[in-house]
Amino acid sequence: MPRHVLVLGGTAEARRLAAALVAHPAHAAGFRVTTSLAGRTARPEAVPGEVRTGGFGGAEGLARWLRAHRVDALVDATHPFAASITAHAARAAAAAGVPAVVLRRPGWRPVPGDRWYDVPSLAAAAEALAGPGGRVFLTTGRLGLAAFAHLTDRHFLVRSVERPDPPLPPHTEVLLARGPFTVDGERELLRAHRIDVLVTKDSGGEATAAKLTAARELGLPVVVVRRPALPAGVTAVPDVTAVLRWLDPVTAGQGCGAADTCP
Ligand code: NAP
């Protein structure tokens with residue numbers, strides 16, 4: 001019977017993990033990898049292996065899917081801010097008795113010269129911007145921008161992969177772009193748009209970190225929306241290599257001795 005790994009995706013790490021699993025010697029011997037996408041992006045980047053798209057119908061739906069498709073291990077490689085699916089995955093894996101791990105890239109940390117202001121939510125970020133005037137570079141993605149819609153005195157440059165849905169602040173320019181971005185490009189963008197403050201989620205990773213370096217170089221303040229907490233009791237690892245190590249007993253089709261950390 002082939003072993004089956006379900007990767008909850010929507011991130012660069014999930015694509016890298018799927019590529020590594022498809023290239024794994026055990027794949028040729030018959031183990032399967034399926035990546036699940038939420039279906040939010042009209043033209044998602046290609047993912048190696050099998051792909052399914054769309055919600056499962058909550059934790060119960062995901063638990064049913066795990067059982068019906070005989071999943072041997074679940075890797076939650078979703079974005080650090082995709083809190084609902086991460087909570088559902090933890091509950092579903094426990095209910096279906098499927099070993100699970102969360103691939104969570106480390107968050108960003110400030111270095112000397114950074115002027116960061118940590119906030120717990122998009123609403124709190126909007127509150128932090130409530131003073132008069134100024135030009136804001138908003139890089140928190142296309143969802144949740146309604147939190148800023150009441151800020152009528154500020155000019156916003158919103159960058160996202162796909163066009164954000166209204167409501168948006170009245171003075172908003174939208175820039176459609178997909179990372180990775182370079183420090184030179186980000187510095188030029190901040191200068192060209194005369195940006196006074198940057199707003200970002202603590203997404204972590206390399207692809208979108210250049211804006212932080214550029215803001216530091218230009219002495220700009222950065223409002224950083226901190227991550228939601230992981231559900232209690234989940235096993236989290238920081239990168240694809242650590243997931244492969246965790247998955248080793250599955251890909252090798254062997255049993256596992258260390259019950260709390262491997263499938
Ligand atoms: P979310 O709020 O945690 O999830 C909302 C619902 O979308 C979930 O309850 C689930 O529906 C469905 N869903 C989410 N991820 C899924 C997946 N990989 N496969 C199947 N269904 C999924 O998530 P979100 O913040 O809207 O993000 C959606 C997707 O975009 C995630 O896969 C995430 O990795 C990616 N993404 C998110 C961000 C971000 O900033 N939030 C940034 C980049 C990429 P059901 O309850 O019906 O199962």
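1. Start at the ligand. One of its oxygen atoms is 3.2 Å from a polar backbone atom of alanine 82. This is a polar contact, meaning a pair of N or O atoms within 3.5 Å; within protein, one must be able to donate a hydrogen and the other to accept it, and residues adjacent in sequence count only if both atoms are side-chain atoms. An oxygen atom of the ligand also lies 2.9 Å from a polar backbone atom of histidine 79. For glycine 9, a backbone N or O atom is 2.9 Å from a ligand oxygen. How much of the ligand does the protein bury? Alone, the ligand exposes 810 Å², and the protein buries 77% of that. These areas come from the Shrake-Rupley method with a 1.4 Å probe; for residues, only the protein chains shown count as cover.

2. A word on the model. This is a predicted model, in which local features need pLDDT of at least 70, side-chain atom pairs count only at pLDDT 80 or more, and totals for chains, interfaces and linings use all residues. Residues are numbered from 1 along each chain as its sequence is written, and side-chain values use heavy atoms, with hydrogens and water left out.

3. Now the shell around the ligand. There are 22 residues around the ligand, and Ser36, Phe56, Gly57, Ile85 and Lys201 come nearest. Here a residue is near if one of its heavy atoms lies within 4 Å of the molecule or strand. Which element gives the most to the shell? Helix α4 does, with 4 residues. Helices (H or I, at least four residues) and strands (E, at least two) are DSSP runs, numbered from the N terminus.

4. Two strands pair if DSSP finds at least two bridges between them. Strand β5 (residues 100-103) runs parallel to β12 and is joined to it by 2 bridges. Leucine 103 has valine 237 of β12 as its bridge partner.

5. Contact means heavy atoms within 4.5 Å. Axes are lines fitted to C-alpha atoms, for helices over the stretch in contact, and angles run from 0 to 180 degrees between N-to-C directions.

6. Look at valine 47. Where does valine 47 sit? Its place is the loop between β2 and β3. Valine 47 counts as buried because its relative accessibility is 16%. Buried means under 20% relative accessible area, exposed over 50%, and partly exposed in between (1.4 Å probe, protein chains only). Valine 47 touches Arg15, Ala18 and Thr35, leaving aside residues up to four places away in sequence. Alanine 18 is 29 residues from valine 47 along the chain, yet their C-alpha atoms are separated by 6.9 Å.

7. Then another open sheet of 6 strands. Its order is β6-β11-β10-β7-β8-β9, with parallel pairing. The edges are β6 (115-119) and β9 (172-176), each pairing on one side only. From one strand to the next, the twist averages 20 degrees.

8. Take strand β7 (residues 135-138). It runs parallel to β8 (residues 155-160), with 4 bridges between them. Arginine 135 has histidine 155 as its bridge partner in β8. Phenylalanine 137 stands opposite leucine 198 in β10. Both faces of β7 are covered: Arg135 and Phe137 are buried on one side, Val136 and Leu138 on the other.

9. Helix α6 (residues 183-192) lies across β7, β8 and β9, at about 155 degrees to β8. Helix α7 (residues 210-217) lies across β6, β8, β10 (197-201) and β11 (221-225), running at about 155 degrees to β10. The buried residues of α7 are Ala210, Lys211, Leu212, Ala214 and Ala215. They pack against β6, β8, α6, β10 and β11. Just after α7, glycine 219 takes a positive phi of about 70 degrees.
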